[in-house]
Amino acid sequence: MRRRSPAFLAAWLLAPSLFLLFLFTYVPILQALMQAVTLEGFGGKFTGYGLGNFHKLFADAGFWKAVSNNAVYGIGTVAPSIALAVVLGVALQEATRLNAVIRTVIVFPVVLPLVAVATLFAFVLMPGVGLLDYHLAELGIAGANWLGSPDTALYAIIGLSIWKNAGYYMLFVLAGLAGIAPELHEAAKLDGAGALTRFRRITLPLLKPTLAFVLVIALINVVTQVDHVIVLTGGGPSDSTNILLNYIFQAAHQQGDTGRAAAATIVSVAGLLALSVASLRTLKSGMHYES
Amino acid sequence: MSPRGLTRALRGRGARLAALALLSGFALAWSTPLLWMLNASMRDMPFGARDAASLLPDFKPSLAHFSDAWTQGDFAQWYLNTLIVTLGILAVQLVTITLAGYAFARLEFRGKTIVFYLFLLQLTLAAPILIVPNTLMVVRLGLYDSLPGVMAPYFASAFGVFLMRQTFKTIPRDFEEAAILDGASFLQMIRLVLVPLARPGMIAFAIVSVTSHWNEFLWPLMVTDSPGKMVLTVGLTSFVRSAEQAADWGLVAAATLLVAGPLLLAFALFQRQFVNSFLFTGIK
Amino acid sequence: MKLVRSMAAAAAIAILSPSGAVAATRIDFFFPVPVDGALAKEMQSLVARFNKENPDIEVTAAYTGTYDETDIKTRAAIKAGKPPALSLMSANFITQYHIDDLVEPFDPLVEADGKTPDAFMDQFWPALHGNARVDGKIYGVPFHNSTPLLYYNAEQFKEAGLDPDKPPATWAEWVEAARKLTKRDGDKTLRYGIMLPGTYDILGWTVSALIMSNGGQYYNPEYGGEIYYDTPSSLGALTFVDDLVHKFKVMPEGTIQTPAMNNAFFGGQAAMIISSTGSLSFIRQNMKTPFKVAFIPRNIRNAVPIGGASLILPKGNSEERRQAAWKLVKWLTSPEISGGWSRFTGYFAPPKAAYDLPEMKEFLDKNPDAKVALAQLAYARPWFATYNTVAVRKALEDEVQAMLSGKKTPAEAIKAAQANADALLKGYVDATALSLPK
């Protein structure tokens with residue numbers, strides 16, 4: 001009885017997790033797939049199966065607006081966040097007291113709930129009396145109706161996300177930097193390499209696996225973080241902050257179009273899968289490197 | 001030192017000071033929202049005040065906003081629910097991830113790669129995307145508007161499984177083999193030998209899990225209705241909604257701090273552990 | 001200590017509640033609070049009072065956010081098989097709920113009490129009947145109602161040489177007043193003559209008030225498949241708003257959120273705002289300088305939509321719970337309770353008899369501004385309600401928001417709004433008006 005076959009042992013060890021995975025990940029995906037190909041007429045009457053919901057989805061200008069918004073949002077948050085994380089990480093990697101304090105400040109937003117950040121930023125972005133406008137005015141710069149104009153609302157949301165996430169990514173950069181042998185930098189310095197050259201030739205290449213990992217996390221966040229949009233703008237003004245998940249939420253609940261919402265869910269899942277498969281490749285090589 | 005060396009050293013020093021000043025200024029700007037929140041929660045904030053955004057504290061800071069928020073909201077209930085949810089999720093997760101992590105770390109079996117990928121894929125299929133079908137699942141299980149309903153989808157954690165797998169891999173097999181030879185049953189071996197050795201990994205995971213579920217909003221919002229089942233994030237939003245309409249920023253700031261406070265405090269005190277756990281769980 | 005005690009109490013409640021050994025009928029009551037103030041708390045205390053007076057019923061009141069959010073929550077709960085026994089719903093959502101067959105009519109309950117439905121409805125102001133009855137049956141009992149009001153800063157009026165007792169009654173007077181009230185300092189505007197709320201729901205309500213004041217009918221009250229965005233009356237109203245922002249420059253650009261608008265009014269940066277009468281108490285409490293309220297100015301006629309919420313009975317509840325809910329409905333809409341709520345909030349009380357009670361008369365004498373919304377009732381018409389009301393409403397709001405930021409002209413806005421709304425209504429229209437014999 002001691003010597004159970006590994007397969008049997010593995011089976012019952014994995015059973016609870018697998019069961020739950022199926023219940024709350026894979027079965028829901030299949031259900032969403034079913035819902036996406038189920039066609040319903042007016043009043044929820046079943047009319048058959050087909051790709052009608054997908055046709056409706058791709059014909060909906062609102063969907064493409066959501067996709068483009070998400071793309072802008074994605075690039076707008078990921079690039080500056082990671083760049084900031086790298087710059088701050090490199091600048092703060094020494095173990096001085098001041099650095100420790102600054103690092104803490106940068107990382108604080110990470111432990112705040114996104115809804116709390118959104119609540120905070122409702123005030124920060126208020127025209128005139130809000131934190132941003134008030135202090136901009138002290139510098140003599142005119143404020144704007146940040147959340148109230150389709151031109152600026154998405155960028156306001158982007159700014160919020162950068163504030164929330166950059167610290168998290170910085171932590172990974174710091175860990176990655178710690179893994180770079182100091183001898184490499186010493187040797188380069190002796191060779192007369194300046195700070196910038198060392199950064200470009202040594203730091204960046206050796207940070208690649210870390211950055212690849214951070215990129216995956218950041219991309220997942222781009223699609224799945226939506227609390228701030230729901231709380232602050234509801235997708236507006238004029239659909240300018242409507243990102244994919246908010247679009248799905250609205251289609252399902254505000255417009256009662258569960259078929260289209262399911263189709264959009266499938267499309268998003270497919271997109272996420274594609275992203276993760278692509279990044280898993282880079283990750284796998286990174287993992288080997290780490291071990 | 002040669003004159004050239006001196007200038008170079010001084011220029012280096014100047015550059016460093018400039019960099020330091022820049023960084024400090026940046027950090028200050030970065031922290032203004034939090035500073036404002038701290039200040040506003042203890043300051044008199046009359047409606048329509050032009051200087052609502054000021055960072056200057058009043059002479060006599062008061063805790064009136066906090067007591068108002070506490071009495072007007074239902075923070076005690078929300079705290080209780082949030083604690084039940086986060087600790088409940090963690091408790092079950094620790095069991096499922098330990099068992100599954102062991103399987104991946106120590107056992108070879110047919111189909112291991114496929115199962116591995118099943119878990120791996122779940123990492124990216126994050127819960128928010130599946131909210132609509134998951135709500136239906138919870139309803140079908142009869143768990144709608146209940147705390148177990150909020151917890152259930154998170155009981156299995158692919159993230160945790162990989163973490164434990166990694167952790168177990170770093171523990172030499174000798175300990176397990178010795179325990180088995182001493183007559184321990186399989187479960188006893190896991191409980192008494194492996195778990196204590198895997199503690200750093202489990203603590204790291206615990207911090208990440210509690211933080212992320214403490215801050216969860218959309219899912220609890222969708223699956224609960226009754227005020228008695230609200231968690232802090234949902235309670236905060238509903239509470240703040242009416243306060244925000246009223247532009248009662250002092251109240252909003254105090255309420256937000258009541259929700260975010262514990263984690264902020266924990267982070268400030270146990271910084272090293274938080275940071276390490278974020279990294280530990282990430283890099284591995 | 002208080003923390004420990006409250007947590008212990010909460011723990012006790014959490015542990016004890018599920019078993020519910022008491023014989024009382026337990027019902028859930030979802031309610032929204034769309035306007036400012038301590039209304040959620042007041043509602044909870046009202047419900048507590050009802051529970052005390054009716055020991056055989058135990059109502060749990062759940063504050064479910066805005067009107068739109070309460071709609072989502074109620075539908076989700078009904079779908080999940082756990083419908084609340086009673087829900088307080090935006091008055092214009094009733095039509096959609098009936099189309100979706102999610103609510104019960106009140107008529108059987110009224111008749112069981114020995115009254116006719118007509119007699120029952122007679123107790124309420126006539127302007128409220130339109131949203132309460134769909135297809136001839138009562139699906140929503142009015143709980144609190146409002147009309148949009150023009151709130152204006154009396155002191156700033158005097159300062160600008162205007163008579164605070166003679167508020168602008170026409171759009172022409174309105175613009176003139178706004179121009180005099182707008183203060184500029186070079187490039188910056190220190191004070192705006194007018195601010196309109198720009199967030200979803202109240203924006204649509206305000207714009208519909210302006211369209212109606214411009215002679216427009218806005219929607220087809222007898223058939224939920226038609227909305228009139230692309231009409232001269234709508235074009236006129238939207239152009240007027242656009243002009244306020246871009247031509248006369250008496251209103252700021254962009255979408256103004258309600259808290260920002262209130263803030264501006266309190267802080268003296270906005271001389272006139274449009275808001276619901278439901279905010280009256282809140283504004284009265286927090287406005288430090290004297291202010292007054294007036295009818296919405298007209299261009300062609302005085303006409304405004306009502307706002308507010310009605311009580312609905314979601315389907316799927318037991319007979320026992322329905323009866324308990326009906327008791328709560330009657331209690332909440334009694335002249336006494338309704339009057340009290342009206343005085344607390346600023347909403348007007350739907351039962352006419354509430355205004356015969358001495359406390360109400362006394363209150364109105366002391367607070368004449370509360371009479372204005374009541375007087376405007378003579379010109380009030382039902383709130384627009386169509387198939388897919390929220391999405392159809394957003395179709396216009398999104399375009400207006402774009403217009404306010406200078407992205408679209410009024411003509412483009414109404415055309416786009418009409419096109420989007422028609423697409424949303426198509427399913428319903430195809431199944432009803434366009435469903436013809438083959």
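Analyst: In this predicted model, B:F119, B:L120, B:Q122 and B:L123 of helix 4 of chain B meet B:A158, B:F159 and B:V161 of helix 7 of chain B. By class, this contact has six nonpolar residues, one polar and no charged ones.

User: What makes helix 18 of chain C roughly antiparallel to helix 19 of chain C?

Analyst: Helix 18 (residues 389–404) and helix 19 (residues 410–431) of chain C pack at an angle of about 160°, with their axes 8 Å apart. Angles over 145 degrees count as roughly antiparallel, so helix 18 of chain C is described in that way relative to helix 19 of chain C. The crossing of helix 18 of chain C with helix 19 of chain C is right-handed.

User: Which classes of residue make up the contact of helix 18 of chain C with helix 19 of chain C?

Analyst: Among the residues of helix 18 of chain C in this contact are C:A391, C:V392, C:L396 and C:E399, and those of helix 19 of chain C include C:P410, C:N420 and C:L424. The residues of the contact divide into 14 nonpolar, one polar and one charged.

User: What makes strand 9 and strand 12 of chain C the edge strands?

Analyst: The open sheet has five strands in the order 9-10-11-8-12 (chain C), with mixed pairing. Strand 9 (183–185) and strand 12 (291–294) of chain C each pair on one side only, and they are the edge strands. From one strand to the next, the twist averages 25°.

User: How do you know that strand 8 of chain C pairs with strand 12 of chain C?

Analyst: Pairing requires at least two bridges, and four bridges join strand 8 (residues 148–153) of chain C to strand 12 of chain C.

User: How is chain C divided into domains, and how many residues does each give to the contact?

Analyst: Chain C is divided into domain 1 (24–146 + 307–367) and domain 2 (149–305 + 386–431). Their centres, taken over C-alpha atoms, are separated by 28 Å. Domain 1 of chain C gives 20 residues to the contact, and domain 2 of chain C gives 19 residues. The side of domain 1 of chain C that touches domain 2 of chain C has seven nonpolar, ten polar and three charged residues.

User: Which element gives the largest share of the side of chain B that touches chain A?

Analyst: The contact takes 65 residues from chain B and 60 residues from chain A. Helix 1 of chain B supplies the largest share of the side of chain B that touches chain A, eleven residues. That side divides into 47 nonpolar, 14 polar and four charged residues.

Methods:
Residues are numbered from 1 along each chain as its sequence is written. Chains are lettered from A and ligands numbered from 1 in the order in which they are written. This is a predicted model: local features need pLDDT of at least 70, side-chain atom pairs count only at pLDDT 80 or more; totals for chains, interfaces and linings use all residues. Axes are lines fitted to C-alpha atoms, for helices over the stretch in contact, and angles run from 0 to 180 degrees between N-to-C directions. Helices (H or I, at least four residues) and strands (E, at least two) are DSSP runs, numbered from the N terminus. Angles under 35 degrees count as roughly parallel, over 145 as roughly antiparallel, 65 to 115 as roughly perpendicular and the rest as oblique. A crossing is left-handed if the near helix is turned anticlockwise from the far one by less than a right angle, and right-handed if clockwise. Two residues are in contact if their C-beta atoms, placed from the backbone, lie within 7 Å. Ala, Val, Leu, Ile, Met, Phe, Trp, Tyr, Cys and Pro count as nonpolar, Asp, Glu, Lys and Arg as charged, and the others, Gly among them, as polar. Domain bounds come from an automatic or database domain assignment.
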